[in-house]
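Work through the exercises below with the sequence and the model open. Each task is followed by its solution.

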Amino acid sequence: MADKDEVLKTVQDEDVKFIRLWFTDILGQLKSFAITASELEGALENGMGFDGSSITGYQSIEESDMIAMPDTATFCILPWRPQEKKVARMICDVLNPDRTPYEGDPRYVLKRALERAKGMGFDHYYVGPELEYFYFKTSEGTEIIDKGGYFDLTPLDIASDLRPDTVLALEDMGIHIEYSHHEVGPSQHEIDMRYADALKMADDAMTYRLVVKEIAEQYGVYATFMPKPLFGENGSGMHTHQSLFKGDENAFFNRDDEYFLSDTGKGYIAGLLKHAREISSVFAQWVNSYKRLVPGYEAPVYVAWSRRNRSALVRVPMYHPGQEKATRCEFRSPDPACNPYLTFAVMLQAGLEGIENGYDLPAPTEMNLYDISDEERASMGVNVLPESLGDAISITADSELVRKALGDHVFSRFIE
C-alpha cells in the first residue's frame with residue numbers, strides 16, 4: 001500500500017501532472033475532479049473541498065460543503081492517458097467539514113458493514129464479482145460488433161483485440177485478472193477479476209467499468225453495463241462470489257458437512273435468501289434491471305439455493321468440492337449497473353443477520369426452477385424476486401435491515 005511520501009515521490013519520478021480524485025454518488029455514478037501535482041501535498045493533508053448539493057443523494061443546498069479525502073492506497077497512473085505529463089487517480093472518502101466520515105458516502109456505508117463483520121470475528125469479507133457487458137457500434141443504438149456465443153473464439157471480430165487491451169490496462173492499475181471470455185449473448189463479454197477484500201473490490205469494480213468504456217472508445221465502439229439492452233437475449237449480470245475468513249481460515253467451510261458448509265456459511269446463505277427481496281432495489285436499481293430478472297434466461301428470480309443449478313438465486317459452486325479456500329456462495333441476481341459499495345454492504349449485512357440470528361438454511365433446490373409451475377414452487381416455499389423497480393422499492397422502504405445497512409441518511413435518499 002502506498003503512503004503519502006510514496007505517492008508524492010511517484011508523482012515526481014513519473015512526471016504526473018494531474019491527479020483525478022474519484023468518488024461515487026448514491027447510485028454508483030463515478031464523480032471526478034482533477035487537481036494539479038502542485039496541489040497534491042495539500043490534498044493529501046487536508047482533502048479538497050467540493051459542493052455536495054450537486055451530487056445525487058448527497059447534501060441539501062444549505063449544508064453543501066464536503067471534503068474529498070484521497071485514499072493513498074488507491075493511487076495509480078491511468079494507462080490510457082498520454083505517458084508524457086501523465087494523469088493519475090485516487091479514490092476518495094467523503095468527509096464532513098469537521099473531518100468526520102460523511103454518512104451519505106457509499107464507501108463509508110460499506111466500511112460500516114465491514115466493521116460489523118470485524119466485530120463478529122471475521123477478518124475478511126472476500127468478494128469476486130463477474131461483471132458482464134455489451135459492445136455496440138455506437139452509444140445511439142444496439143448494433144452489435146460480433147455474433148459470438150459463450151466462450152466462442154471469434155478471430156475476425158474487433159473484440160479479440162479489445163478484451164486483451166482492456167485486461168492489460170486493468171492489470172496496469174493493480175487489478176488482478178483471472179480470465180476473460182465471450183459471454184452467451186451476441187457482442188456480450190466478461191472479464192473476471194480475482195476475488196479481493198470487499199472495499200478494494202468495490203473500488204476495482206468502479207475502475208473496471210470506466211476502463212472497459214475507455215478502451216472501447218479508443219477502438220471506436222461503445223461498451224455498456226445496461227442490464228438488458230437486447231430483447232430476447234441474455235442480459236448482463238454481476239454474479240458475486242463471497243466468503244468470510246477468520247485469519248487464513250474460511251469460516252464457510254466444514255469438511256464433515258455433506259455440502260462442506262459450516263453453520264456460519266449456512267447462516268450467511270440463509271440471510272441472503274431471507275432478505276433477497278428487501279435488498280433487490282439495491283443490487284438491481286434501474287427500471288431496465290427488471291427486464292433482465294425474468295424467468296427463462298440465466299438471471300435467477302427464484303429465492304432458493306443449490307449447488308449446480310443456475311436457476312437458483314444462490315449457488316454453492318462445486319468446481320473444487322471439499323477444498324477449504326474455494327468454499328463460497330455465489331449470489332446470482334445483482335447486475336453490473338448497481339452501486340457496488342451499497343450492493344456489497346447490503347449482501348454482507350443480510351448474511352451477518354443470518355449468522356447472528358441463527359437462520360435455518362432450507363434444503364437445496366437442485367431441479368430447474370423454470371420447469372415447474374407456480375403452484376409447485378409455492379408448495380416448496382420458493383419465493384420470487386420483485387417483478388419491477390416500483391415493487392422492489394416499496395419492499396425496500398419497509399425493510400429494517402436495509403435501513404440499518406445504509407443508515408438513515410442514505411436510506412431515505414435512496415428510496416426517494
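**Exercise 1. A strand and its partners**

Task: State which residue of E13 stands opposite Lys 246, and how many bridges join E12 to E13.

Solution. 
- Step 1. Lys 246 stands opposite Glu 249 in E13.
- Step 2. Two bridges join E12 to strand E13 (residues 249–250), and the two run antiparallel. Strands (E, at least two residues) and helices (H or I, at least four) are DSSP runs, numbered from the N terminus. Two strands pair if DSSP finds at least two bridges between them.
- Step 3. Turn to the hairpin of E12 and E13. Two residues lie between the strands, and Gly 247 takes a positive phi near 60 degrees.

This is a predicted model: local features need pLDDT of at least 70, side-chain atom pairs count only at pLDDT 80 or more, and totals for chains, interfaces and linings use all residues. Residues are numbered from 1 along each chain as its sequence is written, and side-chain values use heavy atoms, leaving out hydrogens and water.

Task: Find what else pairs with E12, and decide how covered E12 is.

Solution. 
- Step 1. Strand E7 (residues 124–136) runs antiparallel to E12, joined by eight bridges. Glu 130 has His 239 of E12 as its bridge partner.
- Step 2. Strand E16 (residues 329–331) pairs with E12 over three bridges, also in the antiparallel sense. Here Thr 240 stands opposite Phe 331 of E16.

**Exercise 2. H3 against H11**

Task: Describe how H3 and H11 pack, and which residues make the contact.

Solution. 
- Step 1. H3 (residues 106–119) and H11 (residues 400–415) pack at about 150 degrees, their axes 9 Å apart. Axes are lines fitted to C-alpha atoms, for helices over the stretch in contact, and angles run from 0 to 180 degrees between N-to-C directions.
- Step 2. H3 is therefore roughly antiparallel to H11 (over 145 degrees).
- Step 3. Contact means heavy atoms within 4.5 Å. H3 supplies Val 109, Arg 112 and Arg 116; H11 supplies Lys 404, Ala 405, Leu 406, Gly 407 and Val 410.

**Exercise 3. H10 against H11**

Task: Which residues of H10 and H11 meet, and at what angle do the helices pack?

Solution. 
- Step 1. H10 (residues 389–397) packs on H11 at about 125 degrees, with the axes 11 Å apart.
- Step 2. Ile 393, Thr 396 and Ala 397 of H10 meet Val 402, Phe 411 and Ile 415 of H11.

Notes:
Parallel < 35°, antiparallel > 145°, perpendicular 65-115°, else oblique. Buried < 20%, exposed > 50% of the residue type's maximum accessible area, 1.4 Å probe, protein only.
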